[in-house]
Amino acid sequence: MPVIADEVVVRESLPSMAEACPRCGTEFLLGSRFCHTCGDRRREAVSSEARADAAVMAGLWEQAVTRVHSVAAGLSWRQIGSKITLPAWLRYLTFHEIQSWVGLSTASLIAFIIGVGCVAGALLVGLLTAKTLVDWQAIQFYRAEWLLGATASFVAGILLKKSSDRDRG
Ligand SMILES: [Zn+2]
């Protein structure tokens, strides 16, 4: 510890000051705090240590920047995509899985999905709250239209399924 303390004392007692006045260029007298020509304050020179520290910091900063750049360059989207593995159950949600599971042709499956969407719409209409009789009637019409759409798409799906069966058989 005394070694460190001595170093600190030495550093504090000998601050490296500027050699010449920055205003008039006169060389400072030894130990002076002000310029003897113009009276300007003698400023602390940028010490070589501080300069070295700054250089070290700049080097570290550059290293960090280049590292970030290289990491960013290394992480292409393709690599991210290969690293993320989709859960196994998610493949059951793909169209062809549903198709093979339900056993419908593509056209009738699309019609079936549209019909399910229409049923969902009819159910969502039920969330609307009617304040007046006119609103209530309008909601009933909405619901009837959604259900009609669902019925139409289900019928279309059945017809498409029959036609595809006929094609197969
Ligand atoms: Zn001066």
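**Note on Arg 42 and its surroundings**

1. Beyond its neighbours within four places in sequence, Arg 42 touches Met 17, Ala 18, Phe 28, Leu 29, Gly 31, Ser 32, Arg 33 and Phe 34. The model is predicted. Arg 42 itself sits in the loop between helix H1 (2–13) and helix H2 (48–74).

2. Arg 42 is buried, yet it has no salt bridge. The nearest side chain of opposite charge belongs to Glu 19, 4.9 Å away.

3. What lies by the polar atoms of the Arg 42 side chain? Another is the backbone oxygen of Ser 32, at 3.0 Å from a polar atom of the Arg 42 side chain.

4. The structure does hold one salt bridge. Arg 23 and Asp 40 form it through their side chains, with an N to O distance of 3.8 Å. Each of the two residues lies in the loop between H1 and H2, and they are 17 residues apart.

5. Asp 40 is buried, with a relative accessible area of 10%.

6. One aromatic pair turns up in a search of the whole structure. The ring centres of Phe 112 and Phe 154 are 5.9 Å apart and the planes meet at 45°, so the pair is tilted. The pair links distant parts of the chain: Phe 112 belongs to helix H5 (residues 106–125) and Phe 154 to helix H6 (residues 133–168), 42 residues apart.

7. Phe 112 is partly exposed, at 36% relative accessible area. Phe 154 is partly exposed too, at 31%.

8. For the overall picture, the protein has six helices and zero strands. The order from the N terminus is α-α-α-α-α-α. Of its 169 residues, 14% count as buried; Arg 42 and Asp 40 are among the buried ones.

9. Among contacts with a separation of 6 or more, 41% join residues 24 or more positions apart. The accessible surface comes to about 13800 Å². Carbon and sulfur atoms account for 66% of that surface.

Conventions: Residues are numbered from 1 along each chain as its sequence is written. This is a predicted model: local features need pLDDT of at least 70, side-chain atom pairs count only at pLDDT 80 or more; totals for chains, interfaces and linings use all residues. Side-chain values use heavy atoms; hydrogens and water are left out. Rings of Phe, Tyr and Trp (its six-membered ring) pair if their centres lie within 6.5 Å; planes under 30 degrees apart count as stacked, over 60 as edge-to-face and the rest as tilted. Helices (H or I, at least four residues) and strands (E, at least two) are DSSP runs, numbered from the N terminus. Buried means under 20% relative accessible area, exposed over 50%, partly exposed in between (1.4 Å probe, protein chains only). Lys and Arg count as positive and Asp and Glu as negative; His and the chain ends are not counted. A salt bridge is a side-chain nitrogen of Lys or Arg within 4 Å of a carboxyl oxygen of Asp or Glu. A polar contact is a pair of N or O atoms within 3.5 Å; within protein, one must be able to donate a hydrogen and the other to accept it, and residues adjacent in sequence count only if both atoms are side-chain atoms. Contact means heavy atoms within 4.5 Å. Accessible areas come from the Shrake-Rupley method with a 1.4 Å probe; for residues, only the protein chains shown count as cover.
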